[in-house]
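This report goes through a few local features of one protein model. The sequence and structure come first, followed by notes by topic.

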Amino acid sequence: MIDPKYNFINKIFTLIILFGLAACTTQNETQVQDTEPQIFTQEMQQQITPEEALDRLKAGNKRFVNDSIKYKDYREQFEGTAEGQYPHSTVFACIDSRSSAEHFFDLGIGEIFKARIAGNALSEDVIGSMEFATKAAGSKLLTVIGHTNCGAVKGAIDNVEMGHLTGLLDKIKPAMEEVSDTLQPRTSDNKEFVTAVTKAHVQNVIAEIRSESEIISDLEEAGDIKIVGGIYDLSTGEVAFFE
Ligand SMILES: [Zn+2]
């Protein structure tokens with residue numbers, strides 16, 4: 001028969017070992033995260049696939065939403081990227097002060113090219129920038145990200161006219177026609193309608209990029225890049241990709 005006292009001591013030892021192992025695992029996981037490269041290198045850009053680049057954006061947005069943003073040593077990043085940049089993705093977003101891609105995708109300096117125009121209104125200069133970012137500079141993912149409660153989209157719905165803004169808002173208006181008539185009222189006060197117009201506009205922008213840029217559409221057809229639209233929710237921090 002086993003001595004009850006010995007049995008008790010044995011159990012205590014087992015518990016100590018188990019707790020010790022658990023602590024080691026947590027420490028190792030933390031170490032892996034802490035040592036993850038902060039600088040996106042040329043080698044990493046060459047190796048990453050368009051799908052993996054999208055996964056990187058999704059994972060970063062999950063960290064942003066869950067309040068688990070990775071520590072960023074910006075000094076290390078700007079020192080490490082000063083001689084060259086190898087971004088994996090390009091993000092075309094609105095100028096809105098709450099819609100900053102590095103933040104909502106929790107990415108570092110040198111990881112993404114960004115073009116920002118009110119309401120994601122497309123122009124030849126933006127397309128030219130995208131051609132540079134993909135064909136010349138090697139980014140693998142091209143995203144167009146609208147956002148909820150967009151002032152430019154609301155301005156287009158309200159038919160605002162003001163200086164150069166008038167022409168910019170005209171580029172958003174076709175999206176209104178694409179939203180089902182069943183969605184009423186069709187006003188800027190109706191958040192659901194504004195979001196539906198924003199989504200339709202993002203899709204229109206992507207279609208226009210494909211039709212206007214032979215360089216980008218060829219890259220996409222060859223599988224060298226992927227083009228994806230999405231919408232950033234200002235209130236939750238979440239980016240919903242259209243796939
Ligand atoms: Zn906006």
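## Surroundings of Ser-89

Which residues does Ser-89 touch, not counting residues up to four places away in sequence? The model, which is predicted, shows Ser-89 touching Ala-53, Leu-57, Glu-111, Ile-112, Phe-113, Ser-139 and Leu-141.

Ser-89 belongs to strand S1, which covers residues 89–93. Its relative accessible area is 0%, and because buried means under 20%, Ser-89 counts as buried. The side chains of Ser-89 and His-88 are joined by a polar contact of 2.8 Å.

Cys-94 sits in the loop between S1 and helix H5 (101–104), while Cys-150 sits in the loop between S3 and helix H7 (151–157). The two cysteines are 56 residues apart, and the pair links distant parts of the chain. Both Cys-94 and Cys-150 are buried.

## Helix H11

Helix H11 spans residues 214–221, and its buried residues are Ile-216, Ser-217 and Leu-219. Viewed down the axis of H11, these fall within an arc of 160°, so they line one face of the helix. The face turned away from that buried side carries the exposed residues Glu-214 and Glu-221.

The buried residues of H11 pack against helix H6 (124–136), strand S3 (141–147), helix H10 (191–212) and strand S4 (226–232). After H11 comes Gly-223, with a positive phi near 80°.

Note on methods. Residues numbered from 1 in each chain as written. Predicted model: local features only at pLDDT ≥ 70, side-chain atom pairs only at ≥ 80, totals over all residues. Heavy atoms only, no water. Helix = DSSP H or I, 4+ residues; strand = E, 2+ residues; numbered from the N terminus. Buried < 20%, exposed > 50% of the residue type's maximum accessible area, 1.4 Å probe, protein only. Polar contact = N/O pair within 3.5 Å; in protein donor to acceptor, adjacent residues only side chain to side chain. Contact = heavy atoms within 4.5 Å. Arc of directions from axis to C-beta.
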